[in-house]
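Please take a moment to look at the chain before reading on.

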Amino acid sequence: MTTLMIQGTTSDAGKTTVVAALCRWLARQGVSVAPFKPQNMALNSAVTIDGGEIGRSTALQALACGLEPHSDMNPVLLKPQSDCGAQVILRGQVRGNMDALDYHAYKAEAMEAVMAAWRSLRERYDVIIAEGAGSPAEVNLRANDIANMGFAEAADCPVLLVGDIDRGGVFAQLVGTLELISASEQQRTKGFIINRFRGDISLLEPGLDWLAERTGKPVIGVLPYLRGLIVDSEDSIGTSGTSEAGALNVVVPVLPRISNHNDFDPLRLHPGVNLQFIGPDQPIPPADLIILPGSKSSRTDLAFLHSQGWAQAIRKHLRYGGKVFGICGGFQMLGEQVADPNGLEGNAGSTEGLGLLEMSTTMVAGKQLKKVFGVLNLTTKACARTGVGFSGYEMHNGVSEGAALAHPLGRINGSSEGAMSNDGQVAGTYVHGIFDKPAACEAILHWAGLNQSGAAVDYQQHRMAQLDRLADQIERHLDTAWLRELLNVRR
């Protein structure tokens with residue numbers, strides 16, 4: 001068994017895509033490979049085959065390997081609930097809420113879970129491609145590190161360091177990172193990958209030669225900047241996408257604790273949709289459809305929504321005939337009240353909802369984590385789409401009750417799911433990923449006012465195509481013979 005760890009000079013250096021590319025490259029050769037991320041801090045997550053929860057980016061890497069996501073692949077997931085606190089998920093299950101100091105003291109126990117998960121994967125797969133988090137050179141976080149070199153040292157695995165040249169200063173990033181880590185960590189860092197290069201490679205080559213001479217470590221390759229690449233992102237909200245003239249205008253308010261914004265990737269790819277993310281202090285523009293996204297802290301984000309004046313804008317939007325759709329936490333906000341009597345998502349209390357659906361939500365212990373398959377029940381005067389299949393996953397603490405649930409958006413195993421208003425203008429669901437299947441995406445967009453049909457993307461097929469595109473770059477631009485020798489992989 002071989003483990004290789006990919007670390008980055010900064011957050012968003014491209015670690016996730018490099019790991020996904022390596023996983024796909026190896027899987028296409030028939031290698032038994034699995035991804036691993038010791039610790040992740042993200043609000044984008046996925047449900048695993050063993051009933052747990054891991055970061056969405058690691059789930060994408062599992063797909064690259066041809067595997068179902070498993071909680072061993074991301075044993076520590078931190079889901080921020082405030083600037084100084086997070087929900088701690090250990091091997092897929094919630095262990096509680098901790099502030100930064102409490103978690104620092106908890107790291108020894110977390111490290112035990114990390115190593116146990118890694119050993120479990122090691123028994124099942126020949127190669128593990130591990131991903132670091134942030135940068136290994138954060139000197140204030142070096143003590144008891146489990147996310148980067150702390151794991152690499154414990155697992156005694158080699159490391160490749162990725163730098164993003166598109167940001168500028170890539171040589172300073174790489175050399176500076178190397179200077180700030182220990183001698184043993186420098187030794188296990190076997191080489192560099194430069195990511196997101198655009199231009200004439202001959203102009204870069206003198207710098208590559210200098211870097212190799214300065215550090216004594218090879219540049220394994222230079223990966224190009226890939227235009228139009230849309231894959232599940234870990235943190236940043238993607239805005240790229242194209243739309244046709246006269247497209248359906250869809251607006252998503254970006255809440256402070258927005259979660260699972262990958263839900264909107266199929267809409268970014270739809271040529272008949274003009275998707276806009278609206279940030280703080282921006283007015284909500286005229287739209288056909290407003291979607292309230294998932295939230296890790298529904299009450300906090302609901303209060304923020306009110307403070308921004310977005311609640312009034314949404315009501316005005318409805319008066320002019322627009323549609324509103326809520327997903328998970330966004331669905332809860334559509335009701336009359338969100339209550340959290342035990343402070344599961346922050347301070348205990350209740351917050352007034354938008355009052356657009358006759359229901360209330362209470363946060364209860366025991367998070368719902370499950371993959372689901374169901375059918376839509378979109379029946380309004382303007383739209384009748386029943387029996388259209390959808391799939392996705394539920395991930396929430398809230399339990400909603402009220403008369404609105406008697407008019408469900410769909411059904412899962414014969415049980416009602418979601419809700420629609422009596423006038424058909426407002427709808428919501430607890431299901432993440434509801435736009436992933438083309439038929440379900442088209443049905444909801446048709447309800448919202450889209451006239452065309454047949455343009456929705458099968459997002460699972462899109463993911464695989466993008467992963468193959470990434471793997472192609474490994475084959476073309478990296479020293480694959482060097483990689484095979486490092487990984488002890490033969491053709």
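Two strands count as paired if DSSP finds at least two bridges between them, and in general the strands of a sheet pair through backbone hydrogen bonds, either parallel or antiparallel. With that in mind, this predicted model can be approached through an open sheet of 6 strands, whose order is S2-S9-S1-S10-S11-S12 and whose pairing is parallel. At the edges are strand S2 (33-36) and strand S12 (219-224), each of which pairs on one side only. If direction is ignored, neighbouring strands of this sheet are turned against each other by 20° on average.

Gly163, for instance, has Ile194 in S11 as its bridge partner. Helix H14 (residues 480-487) packs on the sheet, where it touches strand S1 (2-8), strand S9 (127-131), S10, S11 and S12, and its direction makes about 125° with that of S1.

The helices also pack against one another, and two packed helices are described by the angle between their axes and the distance between the axes. Helix H5 (residues 170-179) and helix H7 (residues 201-215) have axes 11 Å apart and pack at an angle of about 10°. Angles under 35 degrees count as roughly parallel, and H5 and H7 are therefore roughly parallel to each other. Their contact involves Phe171, Leu174, Val175, Leu178 and Glu179 of H5, together with residues of H7 including Leu204, Leu208 and Trp210. By class, this contact of H5 with H7 has 8 nonpolar, 2 polar and 2 charged residues.

How do helix H1 (residues 15-28) and helix H13 (residues 459-477) cross, and within what distance do their axes come? The axes of H1 and H13 come within 8 Å and cross at roughly 85°, and the two helices are therefore roughly perpendicular to each other. Among the residues making the contact are Ala21 and Trp25 of H1, and Leu467 and Asp472 of H13. By class, the contact of H1 with H13 has 9 nonpolar, 1 polar and 5 charged residues.

Finally, the structure holds 1 cavity of 30 Å³ or more, and the largest cavity has a volume of about 150 Å³. It is lined by 17 residues, of which Ser295, Lys296, Glu345, Met395 and His396 lie nearest its centre. Helix H11 (329-333), strand S21 (360-379) and strand S22 (384-401) each supply at least two residues of this lining, and S22 gives the most, with 4 residues. By class, the lining of the largest cavity has 3 nonpolar, 10 polar and 4 charged residues.

Note on methods:
Residues are numbered from 1 along each chain as its sequence is written. This is a predicted model: local features need pLDDT of at least 70, side-chain atom pairs count only at pLDDT 80 or more; totals for chains, interfaces and linings use all residues. Side-chain values use heavy atoms; hydrogens and water are left out. Axes are lines fitted to C-alpha atoms, for helices over the stretch in contact, and angles run from 0 to 180 degrees between N-to-C directions. Angles under 35 degrees count as roughly parallel, over 145 as roughly antiparallel, 65 to 115 as roughly perpendicular and the rest as oblique. Contact means heavy atoms within 4.5 Å. Ala, Val, Leu, Ile, Met, Phe, Trp, Tyr, Cys and Pro count as nonpolar, Asp, Glu, Lys and Arg as charged, and the others, Gly among them, as polar. On a 1 Å grid over the protein atoms alone, a cavity is a set of points where a 1.4 Å probe fits but cannot get out, and a pocket is an open set with protein on both sides within 12 Å along at least five of seven lines; lining residues have an atom within 4 Å of a point. Grid points are joined across faces, edges and corners, and a volume is the space filled by probe spheres set on the points.
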